[in-house]
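Subject: Structure for you to look at

Hello,

I am passing on the structure we spoke about.

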Amino acid sequence: MRYLNTDNIKQIGIEWEQTIETIRQAVTTLHQQDVAQPIKPYLRYRDPGNRIIAMPAFVGGDVNMAGIKWIASFPKNIQQGIQRAHSVTVLNDADTGKPLAVLNTALVSGIRTASVTGLIIQKYEELYPLQDVTVGIIGFGPIGQLHLQMVTAILGDRISQVLLYDIAGIKIDLIPEAIKDRTEVVQSWEEAYGQADVFITCTVSPSGYIDQKPKDRSLLLNVSLRDFKPDILDYTQSIIVDDWEEVCRENTDIELMHLQRGLQKSGTKSITEIVCEDQMKVFPSNKPILFNPMGMAIFDVAISTYYYRKALESNVGTELTE
């Protein structure tokens, strides 16, 4: 069994086009119904703001792997100088159930999250080519940093400016050199939001606060899931989810839109409809598009398998004996 940690993943590196393609293939496999993915349970105790989530899945196709991610999210860790998220993923041979790998790192989970976002950006670009793009990102912890790396890699010189905001401040040395001269640290989320063609939330906010009109035809990527008030429906009904049953719970923006504004599953498009059926084209061309990903276990298994196989190719990691 191969053991991989954060240093091992960094040694392999991040090729965003490859990780995004891995997510695209997983979505195709989901569309072909060659997956198994039960609703993930949340373990809570003592402080209700903390949670540990079990995410089991099987992915067929070229991945052909089963596994489970066990991810802890303790938002107050940041105040103690401890990272918010800790994640362990176990991969099992799909045919025998034999454990093949343990990935003990939240980095893989973050790469998965940013790669899903990247896939939606690529699908958006098929309809609306991005040029002279303003990217707004709020929240610049590990997930925000990975998202900035990802958009820099896939949009490159088409980015005219990046507007960053974090309530705790921005460490300038965490901004990639390739985009630093086009990056401005702003003093409010409104500044990052109002001008953005591509807007990404990467916060740990427990509840929504964004209720202003976004830029026309902007792409709103609600990665952290609890940043928009239901009033956003006054400005757009172009809503994408990864999985309605997963995302319409746990006090997400989608659940509140459902409870307070009557949003139904039929009023949204799934990631399979967007990626495999080109359903983004049914949205009004002048309205913003809002993507809400709860996080799917099949994506974690697919990305972890990608890194496991890369590790075998390059002999990275530690081989454990039974």
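Below are my notes, arranged by topic.

Please keep in mind that this is a predicted model.

Domains

The protein chain is split into two parts: domain 1, made of 2-108 + 297-319, and domain 2, covering 117-292. To the contact between them, domain 1 brings 20 residues and domain 2 brings 22 residues. Taken over C-alpha atoms, the centres of domain 1 and domain 2 lie 23 Å apart.

The interface

The size of an interface is often given as the accessible area lost when the parts come together. For domain 1 and domain 2 the buried area is about 1800 Å², and carbon and sulfur atoms account for 66% of that area. One salt bridge is counted between domain 1 and domain 2. The rule also finds six residue pairs in polar contact across this interface, both residues being at pLDDT 80 or more. On the side of domain 1 that touches domain 2, helix H2 (residues 16-31) gives the most, with nine residues.

There is a salt bridge between Arg44 and Glu250, with 2.7 Å between the closest N and O atoms.

Helix H10

Helix H10 runs over residues 297-314, 18 residues in total. From the first C-alpha to the last, H10 reaches 26 Å, close to the 26 Å expected at 1.5 Å a residue. H10 is mostly covered, with 13 of its 18 residues buried. Asn315 follows H10 and has a positive phi, near 55°.

Two loop residues with positive phi

Gln33 is not a glycine, yet its phi is positive, at about 60°. Gln33 sits in the loop between H2 and strand E2 (35-36). Gln33 counts as exposed because its relative accessibility is 69%, and the cut-off for exposed is over 50%.

Asn251, likewise a residue other than glycine, has a positive phi near 60°. Its place is the loop between helix H7 (244-247) and helix H8 (253-261). With 36% relative accessibility, Asn251 counts as partly exposed.

Thr113

Thr113 belongs to helix H3 (residues 106-127). Is Thr113 buried or exposed? Its relative accessibility is 14%, and buried means under 20%, so Thr113 counts as buried. Which residues is Thr113 in contact with, leaving aside its neighbours within four places in sequence? They are Ile143, His147 and Val223. Leu155 is 42 residues from Thr113 along the chain, and the C-alpha atoms of Thr113 and Leu155 are separated by 17 Å.

Regards

Technical notes: Residues are numbered from 1 along each chain as its sequence is written. This is a predicted model: local features need pLDDT of at least 70, side-chain atom pairs count only at pLDDT 80 or more; totals for chains, interfaces and linings use all residues. Side-chain values use heavy atoms; hydrogens and water are left out. Helices (H or I, at least four residues) and strands (E, at least two) are DSSP runs, numbered from the N terminus. The expected span of a helix is 1.5 Å times one less than its number of residues. Buried means under 20% relative accessible area, exposed over 50%, partly exposed in between (1.4 Å probe, protein chains only). Domain bounds come from an automatic or database domain assignment. Contact means heavy atoms within 4.5 Å. Buried area is the accessible area (1.4 Å probe) that two parts lose on being put together, summed over both. A salt bridge is a side-chain nitrogen of Lys or Arg within 4 Å of a carboxyl oxygen of Asp or Glu. A polar contact is a pair of N or O atoms within 3.5 Å; within protein, one must be able to donate a hydrogen and the other to accept it, and residues adjacent in sequence count only if both atoms are side-chain atoms.
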